[in-house]
Structures are given as C-alpha cells and as structure tokens.
Amino acid sequence: MYYELYVDVFFLVNFMMDFLLLLLAKKILKCSATHGNICMGSLFGSLLTCLVILLPVQSAVLKFILFHMVINIIMIYIGLRVHTLREIVRAWIALYIGSFLLGGVFNYFYQYLKVGSLFFACAMLSYWLVQSMWSFIISIIRLKQTECDVTLYKNGQNYTVHALIDTGNSLLDPLTKQPICIVEQRIVEKWVEDNEIKKMRRIFFHSIGKKCGTLPVLELEKMCIHYEKECWVMKPIVALCETEISSDGEYGMILNPNIF
C-alpha cells in the first residue's frame, strides 16, 4: 500500500494550519508578534515539515522529536518572537492548547462536509469559534476576579456581603485620606438607627448621571476581604448608599481597589 502526496497541497494546508495555531498562541500569550512574524514562522514550519516528510527518516522516535520539538520550537521562535527558555516552553504549551481546541472543533465540522474544497473555509470557521470561546472563557475568569465576599464587623456583629472590586471607585476620605468602600445602607441598618445615619458625616461624590451628591460615612470595627487570600482591614470607612448597588441584587458593596 502506498499514498500519493502532493507536496504543494500539503505545504499550503500545513502553512494555513500553522498560521492559525500561531495566531491562537499569540492570543493566549498576549505577545507582541506581528502578522508578518507569524507568517514567517508558519512558512518555516511548513517548509521543515515537508522536508522531514520527503527525507527517508525511518525512526518513529526521531520523526516525533523533529515534528513535535525541533520544528515547533523553530516555528515558535520565529513566529512569536520569544527567546528565553521559559517563554519558549509557555509558547509551546499554548501552541498545543490551541491545537487541541482547533483540532476538536475542526473535526466536528469537517465530518459533515462532503466537498474537499471547503477545507479552508472549515478551518477558518473553526479558528473563529475557538477564538470566540477563548475570549469568552477569559472574560468569565476576569469577571470572577473582580468579585469577592466581604465580612463586615460592627458592635460585635458581622455580616457577609458579595462585593464588586471596581477600579472606577476612587473615593477618599478628605479627613483621613483612607480609601472608602460603598455599601448598601440596608446592610448596616441593623447596627445603626435611622436618626444616627442622618447625623453622620457626609462626603461628596460624583458619578455618571449625577455630577455631585453626598453620602453618609461610617467607621466599622474591621472587615475581612475573602479574595485570593484573606485581607483584614481595621477600622475601615464605608459610605452608605440608599439605593441598590446592582439592579439584580448580586452585589451589596463596591470595594475601592486601593483598600488592598
């Protein structure tokens, strides 16, 4: 049994797939490689792959090393502009992550195609879907990184609230220069009477839709931020918000990132 190999077609297919894989690796690593760099890396990767195929290499182990180590590392070095060993290892792992995702999506769609000329269209569709999935996963991870639980302590009592870490919150106490977090007033009403809230010191703030306003501020005994690790803040100052912070009630507090 023997197979006919059209080197020109084989080269073009490998070039395109290498180009898409390097694009995915670039997105995963967020490196500064240009499309020109990626094109050159793909070109060298495809040329070397064709060369190894044409050479009379009998050893399966040697072919494995050439395909998966030597050629891929050269392709990464040229295409992604990485130079240190650590960067190369990370790029090599990213390349195979992209290969795994792209190969899975591509095989799913390609089994339903009866026309061979649609190969490139299927490859592009697979790349677009994998890129979209990766962007969605990253956005979910980033969203979760901006959320945490916070336990507030006052008058020997405590209450845990789900909070949003908002880089747009830059409130500072004009007296103590401490960063101020915002919490829904309903949360502290069990500790503080309404008439006490009316007598509290107030600070000015401005936000979208409201050029200027005031919020009462309250000093707590302490609070514990349950983030990557517990962060304790002694005598934090919080501003009380009469309305709900989020329309769906998911957050009851907005953390000032400077509190960390």
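1. Lys177 counts as exposed in this predicted model, because its relative accessibility of 59% is over the 50% cut-off. The residue sits in the loop between β2 and β3 (181-184). Lys177 also has a positive phi, about 65°, although it is not a glycine.

2. Asn155 counts as partly exposed, since its relative accessibility is 47%.

3. Thr151 belongs to strand β1, which covers residues 147-154. Thr151 is buried: its relative accessible area is 5%, and the cut-off for buried is under 20%. Its side chain makes a polar contact with the side chain of Thr160, at 3.0 Å. Leaving aside neighbours within four places in sequence, Thr151 is in contact with Asn158, Tyr159, Thr160, Lys222, Met223, Cys224 and His226.

4. Helix α2 runs over residues 35-54. At 1.5 Å a residue its 20 residues should span 28 Å, and the end C-alpha atoms are 28 Å apart, so the two agree. The buried residues of α2 are Ile38, Gly41, Ser42, Gly45, Ser46, Thr49, Cys50 and Val52. These residues lie on the same side of α2, because they cover an arc of only 160° around the axis. In an α-helix there are 3.6 residues a turn, so residues three or four places apart point the same way. What covers the buried residues of α2 includes α1 and α3.

5. Helix α3 passes the same length check: its 20 residues should span 28 Å at 1.5 Å a residue, and its end C-alpha atoms are 27 Å apart, which agrees. At the N-terminal end, α3 is capped by Ser59, with a side-chain oxygen 3.5 Å from the backbone nitrogen of Val61. Just after α3, Arg81 takes a positive phi of about 60°. Which residues of α3 are buried? They are Ile71, Asn72, Met75, Ile76 and Gly79.

6. The largest nonpolar core has 27 residues, and those with the most contacts inside it are Leu80, Leu95 and Leu102. Two or more residues each come from α1 (7-29), α3 (60-79), α4 (85-110) and α5 (119-145). Helix α1 gives the largest share of this core, 9 residues. In soluble globular proteins, nonpolar side chains tend to be buried together.

7. Not counting residues up to four places away in sequence, Leu95 touches Leu21, Leu22, Ala25, Asn72, Met75 and Ile76. Of these, Asn72, Met75 and Ile76 are also among the buried residues of α3. Apart from this core lies another, of 25 residues, which includes Val161, Ile197, Cys231 and Val233.

Methods: Residues are numbered from 1 along each chain as its sequence is written. This is a predicted model: local features need pLDDT of at least 70, side-chain atom pairs count only at pLDDT 80 or more; totals for chains, interfaces and linings use all residues. Side-chain values use heavy atoms; hydrogens and water are left out. Helices (H or I, at least four residues) and strands (E, at least two) are DSSP runs, numbered from the N terminus. Buried means under 20% relative accessible area, exposed over 50%, partly exposed in between (1.4 Å probe, protein chains only). A polar contact is a pair of N or O atoms within 3.5 Å; within protein, one must be able to donate a hydrogen and the other to accept it, and residues adjacent in sequence count only if both atoms are side-chain atoms. Contact means heavy atoms within 4.5 Å. A nonpolar core is a set of buried Ala, Val, Leu, Ile, Met, Phe, Trp, Tyr and Cys residues joined through side-chain atoms within 4.5 Å. The expected span of a helix is 1.5 Å times one less than its number of residues. The arc is that of the directions from the helix axis to the C-beta atoms.
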